[in-house]
Amino acid sequence: MYQPAPFREATLSLQQALMRDHPLGLLISNAPDGPVADPVPFLLDAEASPQGTLRGHVARANPHWRHLDAPDARALVVFQGPQAYVTPAWYATKRETGKVVPTWNYVVVQARGPVRVIHDTGWLRAQVDALTTRQEGGRPEPWAVSDAPERFVENQLRAIVGLEITIDSIDGKWKVSQNRPLADRVGVAEGLVDAAAEMARLVDPTSPADGDGDPSQTS
């Protein structure tokens, strides 16, 4: 990842916080015919290794895990945080000199490491339980895996494969206008106050842009 000095973020606690807050990572690895990528929700265990360990699962029908089922397999996981287009109209410099161009602000973490493919149903049950608890925790009546019939859960577990990635290389990039003058940064901050409207529209189930996909399908 291209890393100009002003945007480099090497603080591990901040990198890990982004992975927790935006757990849907893009899992990338090399297949015989080229790179493959799948979005996968991950859980981060910060204590399991010096830089943390990622745990997730994919559908057994997904061929991606087969490319990772080798002693020397490695993967890259990209976690995307907040992002937004930045118009030059927000810059004080535009009014002063006109010497400005558009840009894009974003926050991203890239984590790399060796992969372990896991078929053990006990491990898979614990991973699914932990992932569900993490996501359901804020709900007034959180759903639990144990709410579903046990035979159904057992069948679902047989249809997935676990992945564990021990992070041995991690990079963070916080491109948030640090290279602009103070007045420009204030203008961008003020301009972005309403910039989340588009995301709200995408999330709104009454919007024509709302997806029709089944969210229950496993990556």
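Me: Where does pLDDT stay under 50?
Reply: Over residues 209–219. pLDDT is the predictor's confidence in each residue, on a scale from 0 to 100. For that stretch the model has 16 contacts beyond four places in sequence. Contact here means heavy atoms within 4.5 Å.

Me: And what does the protein average?
Reply: A pLDDT of 89, with 89% of the residues scoring at least 70. This is a predicted model: local features need pLDDT of at least 70, side-chain atom pairs count only at pLDDT 80 or more, and totals for chains, interfaces and linings use all residues. Residues are numbered from 1 along each chain as its sequence is written, and side-chain values use heavy atoms, with hydrogens and water left out.

Me: How many helices and strands?
Reply: 7 helices and 9 strands. These are DSSP runs, numbered from the N terminus: H or I with at least four residues for helices, E with at least two for strands.

Me: What share of the residues is buried?
Reply: 40% of the 219 residues. Buried means under 20% relative accessible area, exposed means over 50%, and partly exposed is in between (1.4 Å probe, protein chains only).

Me: What part of the contacts comes from residues 24 or more positions apart?
Reply: 74% of the contacts with a separation of 6 or more.

Me: Aromatics next. How many pairs?
Reply: The count comes to 2 aromatic pairs. The rule takes rings of Phe, Tyr and Trp (its six-membered ring) with centres within 6.5 Å; planes under 30 degrees apart count as stacked, over 60 as edge-to-face and the rest as tilted.

Me: Why is the pair of phenylalanine 42 and phenylalanine 79 called edge-to-face?
Reply: The planes of phenylalanine 42 and phenylalanine 79 stand at 70°, with the ring centres 6.2 Å apart, so the pair is edge-to-face. Phenylalanine 42 is in the loop between β3 (34–41) and β4 (43–45), and phenylalanine 79 is in strand β6 (residues 74–86).

Me: Which arginine lies over the face of tryptophan 65?
Reply: Arginine 60, at 6.0 Å from the ring centre. Arginine 180 lies over the face of tyrosine 91, at 4.3 Å from the ring centre. The test: NZ of Lys or CZ of Arg within 6 Å of the ring centre and within 35 degrees of the ring normal.

Me: Where is tryptophan 65, and what is it in contact with?
Reply: Tryptophan 65 is in helix α2. Its relative accessible area is 5%, so it is buried. Leaving aside neighbours within four places in sequence, its contacts include Arg60, Val117, His119 and Leu163. The C-alpha atoms of tryptophan 65 and glycine 162 are separated by 8.6 Å, though the two are 97 residues apart along the chain.

Me: Helix α6 now. Which residues are buried there?
Reply: In α6 (residues 182–191), Asp184, Gly187, Val188 and Gly191 are buried. They cover an arc of only 100° around the axis, so they are on the same side of α6. The arc is that of the directions from the helix axis to the C-beta atoms.

Me: What do they pack against, and which residues are exposed on the other side?
Reply: The buried residues of α6 pack against β6, α3 (92–96) and β7. Leu182 and Glu190 are exposed on the other side.

Me: What about phi of serine 177?
Reply: Near 65°, a positive value in a residue other than glycine. Most residues other than glycine have a negative phi. Serine 177 is in the loop between β9 (169–175) and α6. Its relative accessible area is 4%, so serine 177 is buried.

Me: Last one. Where is glutamine 3?
Reply: In the segment before β1 (8–9). Glutamine 3 is buried, with a relative accessible area of 12%. Beyond its neighbours within four places in sequence, glutamine 3 is in contact with Arg8, Asp171, Gly172 and Lys173. Glutamine 3 and aspartate 171 are 168 residues apart in sequence and 9.0 Å apart in space, C-alpha to C-alpha.
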